[in-house]
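Take a look at the sequence and the structure below. Then follow the text through the model, one part at a time.

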Amino acid sequence: MTFVSQLKCRECGRAYEVAPLHVCEWCFGPLEAAYDYDAIRSSVTREKIAQGPSSIWRYADLLPADRGSAVDLGAGFTPLVRAERLAGALGLGELWIKNDTLNPTNSFKDRVVAVGLSKALEFGFKTAACASTGNLANSVAAHATRAGMKSYVFIPANLESGKVVATAVYGGNVVAVDGNYDDVNRLCAELAGTYPWAFVNVNLRPYYAEGSKTLAFETAEQLGWRFPDHVVVPMASGSQLTKISKGFEELANVGLIDEPPDVRVSGAQALGCSPIASAFLSGSDTIKPVKPDTIAKSLAIGNPADGYFALDVVRNSGGGMAAVTDEEIIDGIKLLARTEGIFTETAGGVTIATLKRLTEEGAVRPDECVVAYITGHGLKTLEALTATVGPTATIAPTIDAFTSAFSIDEE
Amino acid sequence: MATTVRIPTALRTLTGGASEVSVDGSTVGEVLKSLDAAHPGMAERLFDGAGALRRFVNVFVADEDIRFLDGLSTPVAEGQPVSIIPAVAGG
């Protein structure tokens with residue numbers, strides 16, 4: 001069982017039954033899972049969570065899918081690591097990295113897919129599908145196989161080769177579409193009305209998106225059941241950022257933490273695809289779609305579905321946003337790798353570069369407990385680094401060759 | 001001039017279940033006006049009180065978002081389909 005009572009339109013508040021629906025029939029607003037928080041409050045405790053599995057399913061009471069029939073590759077409960085060297089390099093104090101590269105298919109997408117496809121099985125779907133910038137493709141292909149479902153995964157044809165291989169290996173259908181992500185997304189929105197498939201980020205989106213709340217639940221639990229002061233989150237559609245904020249609020253709503261959250265939420269985008277950050281930085285209430293051109297392909301959504309909500313969350317919480325260049329992204333990847341030993345894909349480079357910018361601007365402060373979300377592994381986007389990272393020296397297999405290439409001045 | 005309009009699932013209650021309908025118009029604004037005339041109720045679903053497209057309604061002409069073109073004034077040429085698509089997918 002779950003504690004979801006209904007779906008509710010975020011724009012006009014109309015209620016819908018729990019079904020594979022994602023759009024309000026009246027105003028086209030997005031539908032969101034609504035819970036019976038009173039019932040959850042009398043079910044959930046810190047002790048019960050601690051006795052649960054080391055995965056997102058330890059928070060099943062706050063998720064819209066039943067743990068008993070979960071599609072489970074072990075998504076979630078990734079390390080929250082103290083980042084003292086990076087903090088030192090940036091001039092920050094208590095800095096933590098949520099290392100979500102360590103999920104089953106090496107990105108946070110395993111959290112949302114596990115929830116979305118578990119719900120798809122409850123609804124009786126036999127085929128999983130998605131529109132993806134790459135990480136979601138990997139995750140849907142893997143989880144569909146795990147669940148015994150067929151899969152159709154739609155990706156932009158220009159995706160990084162690692163992300164294509166790491167999807168196709170699971171044996172489902174991989175459809176490379178001649179266009180950008182927004183073209184793929186539009187195609188899938190139309191196909192979802194035609195085929196009886198579980199498109200995790202279309203008709204299953206109200207359930208799927210809830211999986212990102214576990215990033216907030218884990219952060220608070222791993223900090224010893226307290227809220228951080230400030231989080232920095234990458235933004236593509238804006239959904240993850242919005243759900244992290246919702247997750248913190250729910251912890252107070254159901255009594256797992258006594259105080260209401262006072263978490264500043266900041267959003268990170270790449271300059272080559274920054275529709276949300278542009279609206280924020282120019283003080284606009286209108287998000288203008290863009291044609292993406294950035295190495296951060298996993299964030300390359302030019303027409304962000306949750307952009308307005310992300311804008312609201314960041315403004316209302318007193319957070320900031322930045323749009324960082326491809327060069328800053330590469331520097332961010334290297335900085336994280338060379339201070340903390342964590343290798344992130346380009347999206348994580350965007351997060352670190354934004355953290356650096358916001359720290360320099362004084363928006364992120366040394367007296368805050370700060371958490372940066374690193375949501376995908378560096379092996380997925382090797383192309384971004386091959387021009388600037390390589391062997392220190394290439395030598396013949398002789399001692400002479402080594403000593404002439406390196407002057408070693410330590411013992 | 002007749003234009004094919006692709007109707008999303010959420011609006012098919014107004015078209016008797018049809019996923020495509022044919023209406024007249026030489027701009028997106030005219031096409032949507034004709035759509036409302038042929039299938040009353042469309043306009044109040046697509047437009048807000050101020051007469052602008054609701055923010056979660058995306059309209060495409062020949063697969064291009066009209067926000068990259070000329071909005072409701074975007075011309076619709078012979079044979080170009082118009083698609084109405086909810087914006088709340090993806091990511």
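This is a predicted model: local features need pLDDT of at least 70, side-chain atom pairs count only at pLDDT 80 or more; totals for chains, interfaces and linings use all residues.

The predictor gives the complex an ipTM of 0.87 and a pTM of 0.96. Chain B has a mean pLDDT of 93, and 100% of its residues reach 70 or more. Among the elements of chain B, helix α1 (residues 28–38) has the highest mean pLDDT, 97. Strand β4 (residues 64–65) of chain B has the lowest, 92.

Now turn to the place where the chains meet. Here 31 residues of chain A are in contact with 29 residues of chain B. The area buried between chain A and chain B is about 2700 Å², and carbon and sulfur atoms give 57% of it. Three residues, A:Trp26, A:Phe28 and A:Arg186, supply 28% of the area that chain A buries against chain B, more than any other three.

Polar groups take part too. Between chain A and chain B there are 14 residue pairs in polar contact. The count of salt bridges between chain A and chain B is 4. In one salt bridge, the side chains of A:Glu190 and B:Arg6 meet at 3.2 Å, N to O. Helix α7 of chain A gives 6 residues to the side that touches chain B, the largest share.

Over all chains, the structure holds 31 salt bridges. A:Lys119 forms one with A:Glu122, with the closest N and O atoms 2.9 Å apart. Both lie in helix α4 (residues 109–123) of chain A, 3 residues apart, about one turn of the helix. In an α-helix, residues three or four places apart point the same way, because there are 3.6 residues a turn. A:Lys119 counts as buried because its relative accessibility is 4%. A:Glu122, at 34%, counts as partly exposed.

Other pairs reach further along the chain. The side chains of A:Glu345 and A:Lys163 meet in a salt bridge at 2.9 Å, N to O. A:Glu345 lies in the loop between α13 and α14 of chain A and A:Lys163 in helix α6 of chain A, so the pair ties together parts that are 182 residues apart in sequence. A:Glu345 is buried, with a relative accessible area of 0%. A:Lys163 is buried, also with 0%.

Helix α14 (residues 346–360) of chain A has 15 residues. From first C-alpha to last, α14 of chain A reaches 21 Å, close to the 21 Å expected. This helix is mostly covered, with 12 of its 15 residues buried. Among them are A:Gly348, A:Val350 and A:Leu358. After α14 of chain A comes A:Gly362, whose phi is positive, near 85 degrees.

Key: Residues are numbered from 1 along each chain as its sequence is written. Chains are lettered from A and ligands numbered from 1 in the order in which they are written. Side-chain values use heavy atoms; hydrogens and water are left out. pLDDT is the predictor's confidence in each residue, from 0 to 100. Helices (H or I, at least four residues) and strands (E, at least two) are DSSP runs, numbered from the N terminus. The expected span of a helix is 1.5 Å times one less than its number of residues. Buried means under 20% relative accessible area, exposed over 50%, partly exposed in between (1.4 Å probe, protein chains only). Contact means heavy atoms within 4.5 Å. Buried area is the accessible area (1.4 Å probe) that two parts lose on being put together, summed over both. A polar contact is a pair of N or O atoms within 3.5 Å; within protein, one must be able to donate a hydrogen and the other to accept it, and residues adjacent in sequence count only if both atoms are side-chain atoms.
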